[in-house]
Amino acid sequence: MSEKTVGIAFGGGGARGLAHIWIMEALDELGIKPFALSGCSIGALAAACYGSGMSGADLRTYVVDLFGNRGEVLSRLWQNRPKSFSELFATPGHIGNWAQFDPEWLAEAFLPPEIKPDFADFSIPVTMSATNYFSGEEVIMREGSVMKAMAASMAIPALFRPVLIGDEVLIDGGCVNPMPVDHLRGAVDIIIAIDVVGLPQKPADGKVGSFEMGFGATQILMQTIQREKMRHDKVDILVQPLIASFRPLDFLKAADILASSEASKDEVKRSLSLLMES
C-alpha cells in the first residue's frame with residue numbers, strides 16, 4: 001500500500017449508523033489506520049469507538065451482544081426514564097428540567113467502556129459536529145470531554161435533552177452538518193464518507209404517529225442538507241449501505257442491519273485499494 005492518508009466521515013442516521021462498523025472492518029482488514037475521523041450523531045459515537053482503538057470486529061461483537069438482549073436494553077432505558085409527571089411535563093425553559101432522555105447518561109449507559117474520556121486520549125484525531133441551538137451555527141468539537149461531545153452531537157430535538165457546554169446550548173449536529181466531510185478537507189489524501197441518513201419509511205398500516213412524523217421530518221432535513229453539500233463537496237469514496245428499510249430507532253434489529261449492510265465492507269476494500277495504489 002502507498003503512504004496516502006485516509007479520513008472517514010461517519011454520518012448521522014440513528015440505528016442505520018450501525019453499518020459504520022463495516023467500514024471500520026474494511027480498513028482493519030486492509031491494515032490501514034485512518035489519519036483522521038469526523039462524525040455526527042451516531043457517526044460521532046462510531047468515530048469515538050474507532051478513535052479509542054476499538055477494532056470494527058470488536059465493536060460488532062459488542063453491538064450484537066448488547067442489542068440482541070432486549071431485556072438488557074429495556075432495563076437500561078427504564079433507568080433513564082422521567083421519574084415523575086412533573087419532570088415529564090416540565091417547562092422546556094430550563095435545560096436541566098427537560099423531559100427528554102439525557103443523551104450523556106444514555107451514551108455512558110450503552111457505549112463500550114473502551115471509549116476514551118478525553119479527546120486528547122484518542123489514538124486517531126476525532127472531530128464531532130453539533131448545532132448551537134440559539135445561533136443555528138455548527139459547533140465543531142475536538143477537545144475536552146468525549147461523553148459530553150457525543151451527547152451534544154446526538155441530541156435529536158424532542159427525543160434528547162439539549163447539552164450545555166460552556167454557555168452554548170447544543171443539539172444534534174445533523175441539523176447543520178449530518179455527514180461532516182468538510183472537517184477532513186485538506187487534512188487527508190482520501191476521504192471516505194458514509195451516508196446512513198435515509199428517508200422516512202411508510203408503515204405497513206399507513207399510519208404515522210406524531211412522534212414518528214417529527215423524527216421523519218428531521219431525516220428529510222438532514223437528507224436535504226447532505227444532498228446539497230455533496231453537490232459542491234465531492235468525496236473519494238461515498239458509501240451508501242443498504243439500510244433504507246430500517247428506521248432510525250431500530251437498534252433492536254442490530255443483527256439485521258449489519259447483515260443487510262455487510263456488502264459495504266468489500267465495496268470499500270475494493271475502492272480504497274485502487275485509490276491507494278493509483
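## The lining of the largest pocket

Helix α3 provides the largest share of the lining of the largest pocket, namely five residues, where helices (H or I, at least four residues) and strands (E, at least two) are DSSP runs numbered from the N terminus. At least two lining residues each are also supplied by α1 (20–30), α2 (42–51), α4 (70–79) and α6 (103–110). This is a predicted model, in which local features need pLDDT of at least 70 and side-chain atom pairs count only at pLDDT 80 or more, while totals for chains, interfaces and linings use all residues. Residues are numbered from 1 along each chain as its sequence is written, and side-chain values use heavy atoms, with hydrogens and water left out.

The volume of the largest pocket is about 710 Å³. Of the 34 residues lining the largest pocket, I42, L45, F67, L106 and F251 are the closest to its centre. A pocket here is, on a 1 Å grid over the protein atoms alone, an open set of points where a 1.4 Å probe fits, with protein on both sides within 12 Å along at least five of seven lines, and lining residues have an atom within 4 Å of a point. By class the lining holds 30 nonpolar, four polar and no charged residues, with Ala, Val, Leu, Ile, Met, Phe, Trp, Tyr, Cys and Pro counted as nonpolar, Asp, Glu, Lys and Arg as charged, and the others, Gly among them, as polar.

Helix α1 packs against α3 at an angle of about 150 degrees, with the axes 8 Å apart, which makes the two roughly antiparallel. On the α1 side the contact is made by I21, W22, M24, E25 and D28, and on the α3 side by G56, A57, L59, R60 and V63. Sorted by class, this contact has six nonpolar, one polar and three charged residues.

Nine of the 11 residues of α1 are buried, where buried means under 20% relative accessible area, exposed over 50% and partly exposed in between (1.4 Å probe, protein chains only). Among the buried residues of α1 are W22, E25 and L30. Residue D28, also placed in α1, counts as partly exposed because its relative accessibility is 32%. Apart from neighbours within four places in sequence, D28 is in contact with Y50, S55, G56 and A57. The C-alpha atoms of D28 and K269 are 9.8 Å apart, although the two residues are 241 residues apart in sequence.

## Backbone at G31 and S41

Just after α1, G31 takes a positive phi of about 75 degrees. S41, in the loop between β2 (36–40) and α2, has a positive phi near 55 degrees although this residue is not glycine. Most residues other than glycine have a negative phi. With a relative accessibility of 6%, S41 counts as buried.

Terms used
Grid points are joined across faces, edges and corners, and a volume is the space filled by probe spheres set on the points. Contact means heavy atoms within 4.5 Å. Axes are lines fitted to C-alpha atoms, for helices over the stretch in contact, and angles run from 0 to 180 degrees between N-to-C directions. Angles under 35 degrees count as roughly parallel, over 145 as roughly antiparallel, 65 to 115 as roughly perpendicular and the rest as oblique.
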